[in-house]
Amino acid sequence: LPEPVEVTEDSMGFPLGIKMPRRQSVSIIEGRWRIDDEWWRQEPVLRLYFSVRLASGHSLVLYKDLIDNCWYRQSY
């Protein structure tokens, strides 16, 4: 299941840093994609995903839920 996380964004809505549990900066965005799905349901899925590498060297996938405007960490 996705884990809610605190993300600092730039003016364009791109992730700059993440708190997990201490703050870490995003060194590079390696990929970005959007999912618009299940539009026929009462609660559709509208998400903007980012594959990022942190300054620590760790890679992870974040997404911003465009309906509730919250960030999540997605584990695979």
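View 1. A strand here is a DSSP run of E covering at least two residues, and the numbering starts at the N terminus. Two strands pair if DSSP finds at least two bridges between them. Keep in mind that this is a predicted model: local features need pLDDT of at least 70, side-chain atom pairs count only at pLDDT 80 or more, and totals for chains, interfaces and linings use all residues. Residues are numbered from 1 along each chain as its sequence is written, and side-chain values use heavy atoms, with hydrogens and water left out.

**View 2. β2 and β3 form a hairpin.** Between these two strands sit 5 residues, and in the turn Gly-13 has a positive phi of about 90°. β2 runs antiparallel to strand β3 (residues 15-19), and 4 bridges join them.

View 3. Look for Gly-17, which stands opposite Ser-25 in β4.

**View 4. Strand β5 (residues 45-54) meets strand β6 (residues 59-65).** Arg-53 stands opposite Ser-59 in β6.

**View 5. Ser-51 sits in strand β5.** Ser-51 counts as buried because its relative accessibility is 17%. Buried means under 20% relative accessible area, exposed means over 50%, and partly exposed lies in between (1.4 Å probe, protein chains only). Leaving aside neighbours within four places in sequence, Ser-51 is in contact with Ile-28, Ile-29, Glu-30, Gly-31, Trp-33, Leu-60 and Val-61. Contact means heavy atoms within 4.5 Å.

**View 6. Trp-33, Ile-35 and Tyr-76 make a nonpolar surface patch of about 350 Å².** Patch residues have over 30% relative accessible area and no salt bridge; like charges are joined within 9 Å, and nonpolar side chains (Val, Leu, Ile, Met, Phe, Trp, Tyr) within 5 Å. A salt bridge is a side-chain nitrogen of Lys or Arg within 4 Å of a carboxyl oxygen of Asp or Glu. Ile-35 belongs to strand β4 (residues 23-37), and it counts as partly exposed because its relative accessibility is 31%.

Notes:
Areas by Shrake-Rupley, 256 points an atom, 1.4 Å probe, with all protein chains shown as cover.
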